[in-house]
Amino acid sequence: MLQECGFMCGIFGYIGSHDAVQIIRDGLSRLEYRGYDSAGIEVAHSIRKCVGPVCNLDTTGLAGFAGVGHTRWATTGAVTVDNAHPHSDCSGEISVVHNGIIENWREVRSCLPDHNFKSDTDSEVIAHLLERCSISDIPRTLASHLVGSFAVIIHYGGVLIGIRHESPLVVGHTSHGTILSSDVYPLIGVADKVAYLENDDAVFAFEDGFKIYDSHGNPVHRPLCDLPSSQVGALNSDHYMLQEISEQGDTIQRAISQSPGTIERISDMVATAHGIMFVACGSSYHACLTGAYMFSKIAGKHVNVIVGSEFEHYRHFLEPGTLVVAVSQSGETADVLNAVRIAKSANSNVVCITNVVESSLYRASDELLIMNSGPEICVLSTKTYTSQVVLLALLAAACVGDTTSIKRDVQSLCVDVFNMTSQSMRNYVMQLAMILSDVEHLYTIGSGPLYPTAMEAALKIKEVSYIHAEAFSAGELKHGPIALIEPGTPVIAFGSVPNAVDEIKSRGGYIIGVAAKHNPAFDFWIKVPDSGYFDPIVQIIPMQLLAYDLALIRDCDPDRPRNLAKCVTVR
Ligand code: F6R
């Protein structure tokens, strides 16, 4: 079963012999990329909450060896202290943190008329529902009363109970206790091993260990796996965004290193498919659009690219021979998961490209390509976007039996990618950012595979600097959007689009060219190497830097833009 809907929060719990407050605070700080509207912590049944990031939490005087914590991306209920988690029952003995959505919370709440609710959230019903419930009955009680998706951690009577229902939850093993967490990232360097819960598993964690039960209440063994390296995800730059932009020379190499057997199996699926659909959202969607041009050019294959939230309108094209390639960094994007559910119900084949091993998408797919980018902490996608493009190029090349030359091309691409983040490029892009920092609107244009690059550049700029940026296909400009061009209007043109550039210039537009060749109409030229079908990768990198610089100049947080969360698990 796939996740139907939900929202993106971070939940964390600890029980053991060490200081729970510090361990939970540290864990929450590393989960903050999942949401940062508010935070809260409970230790020894004392609760502290705040609006804003975890650093706003005052934990003075809080002490104990077990507790839970939460970092919130708000959906049901405004961003207030009362709506922050943990929530508790009337007795204050049960503390609950929740990631997901309880669809029937109003009905459940109306069945608990004597309870004193303190928030407007769906999550609070969980705590009240469990009042007077025996600890062993908790999983069954939630399963029989709640509709929706939830990962919950409950602190009750000296035990932590974690339940995974359509939202992820992992269990960290340490020498001093047990950690429950929304994802594996906060466990790196902290836990020795991790166990990934299956859907509807419940874990009961005590001071000296934990036990996992399946949905029927039977004890089950889930393997303890190694964690990723402790170096992965450490911050060495001013911001994760800059660090992750700079990592791309390495991450594209890691992406291309796939098992030949997997590539062969997937290219066989492509070869025999009755129709190929790519499905994704946001930046991953832009990577798919780029991939479709590559499939056309390299493999001579037609692909329909569908944005995740629109997929159900195309369901009648699905048949058992259809191949759906679902692309998602997080593997938890609800619109993509819903598309996969629709595809599976039509018995279509699903291949996924994801960065997160054991994610819901990973579990739902017939074949997998793992991006190997390492955790992407900045809310904006940068390194994972370029890895997706590389992987789609690899698949296209595999379809014509030529992965050798694409792998060789990626070797030289690494040098180009590295040069795109050189100090001289950074200085030059910063000059441009100073010029653009006060504009209200800017436009991006491109043609062919560089049209999605223009879309991705506009998305990066708007989501982190809040400047209105909009992309057009260069050839479409004259069909309407050119009406927006006034003297001084900035337009970023990718590649060689001479007609469009002339049309803008003759209306007084300010043209920033991102191209290998100069055009006298450019007012500002970002010189990039000619990288053939990898132009979309090389050309997006200065735009990622531009978005970063614009955020800095405009005093915006590059890693945590307003209103966003790293993974959108709401439909
Ligand atoms: C943009 C961004 C989002 C994601 C989109 C899909 O910088 O991060 O647009 O690309 O929400 O996320 P995934 O790839 O996790 O499915």
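Visitor: Leaving aside its neighbours within four places in sequence, with which residues is T444 in contact?

Guide: The model is a predicted one. In it, T444 touches A454, M455, A457, A458, E470, A471, F472, I492 and F494, apart from neighbours within four places in sequence. T444 itself is found in strand β20.

Visitor: Why is T444 called buried?

Guide: The term applies under 20% relative accessible area. T444 has a relative accessible area of 0%, and it is therefore buried. Strand β20, residues 441-446, is mostly covered as well, with 5 of its 6 residues buried.

Visitor: How do you know that β20 and β21 are paired?

Guide: At least two bridges are required for two strands to pair. Strand β20 is joined to strand β21 (residues 468-473) by 6 bridges, and the two run parallel; β20 and β21 therefore pair.

Visitor: What makes β5 and β14 edge strands?

Guide: The open sheet has 7 strands in the order β5-β6-β7-β8-β12-β13-β14, paired antiparallel. β5 (87-88) and β14 (219-220) each have a single partner strand, so one side of each lacks a neighbour in the sheet. Helix α4 (residues 138-145) packs on this sheet and touches β7, β8 (159-165) and β12 (202-206). The direction of α4 makes about 150 degrees with that of β7.

Visitor: Why is β7 described as largely enclosed?

Guide: Of the 9 residues of β7, 9 are buried, so the rest of the structure largely encloses this strand. Both faces are covered: G148, F150, V152, I154 and Y156 are buried on one side, and S149, A151, I153 and H155 on the other. In a regular strand, side chains alternate between the two faces of the sheet.

Visitor: Which strands pair with β7, and over how many bridges?

Guide: Strand β6 (residues 94-102) pairs with β7 (residues 148-156) in the antiparallel sense over 9 bridges, and A151 of β7 is the bridge partner of N99. β7 and β8 are joined by 7 bridges and run antiparallel. Y156 stands opposite V159 in β8. The hairpin formed by β7 and β8 has 2 residues between the strands, and G157 in the turn has a positive phi of about 55 degrees.

Visitor: Why are α7 and α11 called roughly perpendicular?

Guide: Helix α7 (residues 260-272) packs against helix α11 (residues 383-399) at an angle of about 70 degrees, with the axes 9 Å apart. The term covers angles of 65 to 115 degrees, and the two helices are therefore roughly perpendicular to each other. In this contact, α7 contributes I263, I266, S267 and V270, while α11 contributes L394, L395, A398 and C399. By class, 7 of the contact residues are nonpolar, 1 is polar and none is charged.

Visitor: How do you know that C378 is in no disulfide?

Guide: A disulfide requires two cysteine sulfur atoms within 2.5 Å. The nearest cysteine sulfur to C378 is that of C556, 13 Å away, and C378 is in no disulfide. By this rule the count comes to 0 disulfides.

Visitor: Are C378 and C9 buried or exposed?

Guide: With the limit for burial set at under 20%, C378 counts as buried at 0% relative accessibility. C9 is also buried, with a relative accessible area of 0%.

Note on methods:
Residues are numbered from 1 along each chain as its sequence is written. This is a predicted model: local features need pLDDT of at least 70, side-chain atom pairs count only at pLDDT 80 or more; totals for chains, interfaces and linings use all residues. Side-chain values use heavy atoms; hydrogens and water are left out. Helices (H or I, at least four residues) and strands (E, at least two) are DSSP runs, numbered from the N terminus. Contact means heavy atoms within 4.5 Å. Axes are lines fitted to C-alpha atoms, for helices over the stretch in contact, and angles run from 0 to 180 degrees between N-to-C directions. Buried means under 20% relative accessible area, exposed over 50%, partly exposed in between (1.4 Å probe, protein chains only). Angles under 35 degrees count as roughly parallel, over 145 as roughly antiparallel, 65 to 115 as roughly perpendicular and the rest as oblique. Ala, Val, Leu, Ile, Met, Phe, Trp, Tyr, Cys and Pro count as nonpolar, Asp, Glu, Lys and Arg as charged, and the others, Gly among them, as polar.
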